[in-house]
Amino acid sequence: MMHVAILGAGTMGHGIAQVSAMAGHDVSLRDIEADIVDDGLTAIESNLEEGIAREKVTESTAEATIDRLKGTTSLEEAVTGADLVVEAVPEEMAIKHETLTAVESHVDPATLIASNTSSLSLTEIASVLDYPERAIGLHFFNPVHIMALVEIVVAEQTSAETIARAREFVNGIDKTPVEVADAPGFASSRLGVSLGVEAMRMVQEGVATPQDIDTAMELGYNHPMGPIELGDVVGLDVRLDILEYLRDELGERFRPPQILKRKVRAGKLGKKSGEGFYVWEDGDIVGTSGEWGDA
């Protein structure tokens, strides 16, 4: 088993920590504030309790998972001795560069350094490393403890050995890996935001309500969650950042619609803020925001 360090205890970070610990790895979960770390560990405990209630997780597995988890605000403490470090910090290149530079000063040259970025160039992220051949993308999907897919993103610098070790890790945590080249948006984000942005344009143009668009994709195309609801869950600010990046890299077809820009400017970021295209209470949809058909 490995020592895995997860940097960032938010939605993605604590999810990656949970599945790693459930697979038997010793996990350090680090964030810059103790309250954020505590919230991440509490979320893991809640996920496990829900798994027990649904008879998907045994009590012994839950207890063992918690025992393998350690929270900290110290980056050095988290990554020292780690076999794998996964950064799940905010999607800003400067923050990722600062984080990876700090990580490399505390780990062995053989330590794998992975990014959970959903769209940024892994080749650029890895460029600050003295040993960039050990950099890899491990793009998990939300909610991590349920979603089976992990995109393994290969940078220009990534070695064949790093790819093999990353595949072994992903298979070992009972996820399914797909390997993609380091291209803007990779595979999943590029396709996912394409569907999401068109759905938002349809809402803006008054083609259909968010509920009807989501229902159409769930029942007509067997999607587990419609594209409008998914945008709210991911975060509309995150969607906007990805679209703006892809527009710069790939052109106007990824231009963000005005309805998305307005919601982000108003602080209506989706589930995490309580309102986006839907209104949310205690993690559940209780209504619609009301802004649609206003092209």
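A contact means heavy atoms within 4.5 Å. The model used here is predicted.

**Exercise 1. List the residues that Glu91 touches, leaving out those up to four places away in sequence.**

Solution. Start with location. Glu91 sits in the loop between strand 4 (84-87) and helix 5 (93-104). Next, apply the cut-off. Glu91 touches Lys96, Thr117, Ser118, Ser119 and Leu120. Then look for a polar contact. The side chains of Glu91 and Thr117 are joined by one of 2.9 Å.

**Exercise 2. Classify Glu91 and Thr11 as buried, partly exposed or exposed.**

Solution. Recall the limits: buried is under 20% relative accessible area, exposed is over 50%, and partly exposed falls in between. Glu91 has 27% relative accessibility, so Glu91 is partly exposed. Thr11 has a relative accessible area of 47%, so Thr11 is also partly exposed.

**Exercise 3. Determine how enclosed helix 1 is, and compare its span with the expected value.**

Solution. Thr11 belongs to this helix, residues 11-22. Count the buried residues: 10 of the 12, so helix 1 is largely enclosed by the rest of the structure. Among them are Met12, His14, Ile16 and Val19. Now the span. From first C-alpha to last, helix 1 reaches 17 Å, close to the 16 Å expected at 1.5 Å a residue. Just after helix 1, Gly24 takes a positive phi of about 105 degrees.

How values were computed
Residues are numbered from 1 along each chain as its sequence is written. This is a predicted model: local features need pLDDT of at least 70, side-chain atom pairs count only at pLDDT 80 or more; totals for chains, interfaces and linings use all residues. Side-chain values use heavy atoms; hydrogens and water are left out. Helices (H or I, at least four residues) and strands (E, at least two) are DSSP runs, numbered from the N terminus. Buried means under 20% relative accessible area, exposed over 50%, partly exposed in between (1.4 Å probe, protein chains only). A polar contact is a pair of N or O atoms within 3.5 Å; within protein, one must be able to donate a hydrogen and the other to accept it, and residues adjacent in sequence count only if both atoms are side-chain atoms. The expected span of a helix is 1.5 Å times one less than its number of residues.
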